[in-house]
Amino acid sequence: MLKHIIRRLAVTVPVLIGVTFIVFAMVSFAPGDPINLMLGSETANPENIEKLRVELGLDKPWYVQYADYMARLARGDLGRSITFRRPVATQIKERLPNTLILATASAVIALIIALPLGVIAAAKPQSVFDYVCSTLAIVGVSLPGFYLGLLLIIAFGLKLHWLPIRGMSGLDAGFLEFARHIVLPAITLGASMAGILTRLTRACVLETLAQDYIRTARAKGVAEKVVLYKHALRNALLPVVTTLGMQFGSLMGGAVITETIFSWPGLGMLAVNAVKQRDIPLIQGTVLVFAVGFVLVTLATDLLYIFIDPRIKYE
Amino acid sequence: MSNMEREVVHIETQTIRFGKMFTRHRLGVVGAVMVAIFVLAAVFAPWVAPCDPYAMDLANPNQPPGTPGHILGTDNFGRDILSRLIYGSRISLLIGVVVVSIASALGTCLGLISGYYGGWVDQAVMRLVEVFYSFPFLILVIAVMALFGPSIFNVMWVLGVVSWPMYARLVRAQVLSLKTTDLVQAAKATGCGDARIMFKHVLPNVLTPVIVSATLGIPSAILSSASLGFLGFGVQPPTPEWGAMVSEGKDFILLNPNLIVWPGLCIFLVVLSFNFVGDALRDALDPRLSRQLH
């Protein structure tokens with residue numbers, strides 16, 4: 001097992017290097033001078049252009065730039081945002097927890113929806129319940145996040161006035177206020193995940209129900225509910241939780257849209273604003289954090305998998 | 001029975017079996033019909049659309065649905081919403097098909113090479129796949145779009161180039177299992193070159209899962225391009241792209257929610273119908289794959 005863990009960690013290293021290189025090289029692949037890209041159509045005087053070029057180290061050859069970049073990364077320095085004139089790392093540190101809170105809430109909502117729906121669908125395959133649950137699942141996957149978000153805003157915010165439609169409330173303002181602010185964004189972000197997980201839960205429970213030990217349980221007269229929720233669901237949970245971990249990255253990607261709609265002060269909104277301002281250090285920083293976070297979550301899921309399931313014997 | 005007749009009979013039974021399997025999936029049929037409607041609307045847009053999608057009528061903005069001459073009403077510039085939706089289907093379908101073509105062609109070639117040659121080539125391609133998989137999809141796309149600037153052309157190639165790894169992984173796995181079969185050994189023995197073996201002997205045998213994935217890739221490409229349009233990084237107004245239309249409409253969310261509801265519904269329906277078709281295709285073409293996924 002230790003050998004596998006070490007190997008799994010070793011594979012992550014080249015991937016992380018590849019990620020940093022792509023983020024670093026993004027600027028060089030762009031057509032035209034990155035300086036012009038950042039300054040846009042503004043008529044900056046040549047002196048300022050030269051100053052910015054030196055500040056960003058763009059006057060050196062690319063391998064020196066990359067080495068510098070990696071050295072700065074190692075020190076936790078992600079550069080300075082051009083629009084905000086503040087260190088990128090500080091801004092990310094402020095925003096990242098908000099995105100993690102939102103993503104976690106969405107994952108929880110997705111599980112709350114997906115597990116019962118999946119089990120109900122699997123309990124009576126090809127029945128009306130199955131049909132309804134499976135259709136709901138595919139609807140969840142097909143609904144564009146921004147559309148669902150705006151519909152929820154129209155319905156619960158503007159027509160019914162039940163819930164706030166913008167911003168975030170810290171826990172210091174009370175849990176209720178926090179929950180009221182997070183519920184719409186979390187549903188918006190979690191809907192497609194709920195769809196994916198419903199289908200997966202259904203499939204896994206169906207597969208488990210065909211196993212011998214389920215027949216044994218039924219034969220000894222265990223109540224059907226117990227068979228479903230205790231025997232079948234528990235065994236189906238492993239792939240569901242793994243998929244949730246693997247899909248955490250796409251949740252964070254979806255946060256870009258959800259945060260924009262609900263003005264949620266997270267990393268996604270920061271990234272969108274950075275792109276709008278063409279603030280290249282900030283774009284690079286946010287993309288890098290998203291990617292590294294994704295790699296680490298996947299790694300954690302993989303490692304957790306080894307601990308949870310003793311049957312898994314990797315070669 | 002001559003060989004050719006036997007061939008014909010064989011193909012017919014296969015087609016019939018496929019048809020039976022596909023139509024057994026009721027939602028698949030519904031999806032196919034809806035896709036057909038969208039395709040017809042896109043192809044015949046100039047004849048079907050009641051108005052010019054760009055023609056403004058500043059005297060009659062934000063008309064409700066049912067206004068004479070404007071079945072779905074007008075937008076903030078007095079443009080006919082229905083006509084804009086119909087023309088919008090051209091953009092979304094075009095983007096979906098082009099993106100999937102680029103991604104599947106690129107991914108299939110790399111997957112073939114990677115699986116067939118193995119060794120360091122395989123290692124290199126697979127590491128690249130992992131690196132691509134490390135970025136949340138939309139984040140990477142937005143960042144690249146920011147550098148190249150928003151346009152329909154950029155949307156298509158950026159989404160295409162970013163989506164290839166899925167196909168590469170799929171094809172590689174298939175090639176690995178095919179490589180050891182008699183099929184490839186026999187081709188080698190008769191002196192076929194690598195390229196010939198890969199594209200004439202191996203490729204046809206790995207196409208089925210690629211087709212299924214491509215069908216399911218179209219809706220996700222449409223969804224991604226609509227998201228880009230919504231964020232303002234994709235196709236730009238006044239082009240009637242559905243995502244961009246929703247984005248324009250959100251400034252009038254209180255005054256005229258129709259501007260959001262209709263284009264959003266179109267995106268949802270086209271994505272949903274392609275998903276239905278993709279699911280049915282998977283069940284019909286590749287029962288093995290479907291068992292894995294269901």
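**Chain B and its contact with chain A**

Hi everyone, let's start in the core: the largest nonpolar core has 157 residues, and A271(A), I139(B), I142(B) and A143(B) have the most contacts inside it. By nonpolar core I mean buried Ala, Val, Leu, Ile, Met, Phe, Trp, Tyr and Cys residues joined through C-beta atoms within 7 Å. Buried means that 20 or more other C-beta atoms lie within 10 Å of a residue's own, with C-beta atoms placed from the backbone.

A word on the model: it is predicted, local features need pLDDT of at least 70, side-chain atom pairs count only at pLDDT 80 or more, and totals for chains, interfaces and linings use all residues. Residues are numbered from 1 along each chain as its sequence is written, while chains are lettered from A and ligands numbered from 1 in the order in which they are written.

Now to chain B, which has twelve helices and zero strands (DSSP runs: H or I of at least four residues for helices, E of at least two for strands, numbered from the N terminus). Its C-alpha trace spans about 75 × 50 × 30 Å along the principal axes, and 46% of its 294 residues count as buried.

So which residues does I139(B) touch, leaving out those up to four places away in sequence? They are G253(A), V256(A), A271(A), V287(A) and F290(A). Contact here means C-beta atoms, placed from the backbone, within 7 Å.

Over the whole interface, 36 residues of chain B are in contact with 38 residues of chain A. On chain B's side, α5 (119-133), α6 (137-148), α9 (194-231) and α11 (258-285) each give two or more residues, and α6(B) gives the most, with nine.

Note on methods:
Two residues are in contact if their C-beta atoms, placed from the backbone, lie within 7 Å. A residue is buried if 20 or more other C-beta atoms lie within 10 Å of its own, exposed if 12 or fewer, and partly exposed in between; C-beta atoms are placed from the backbone.
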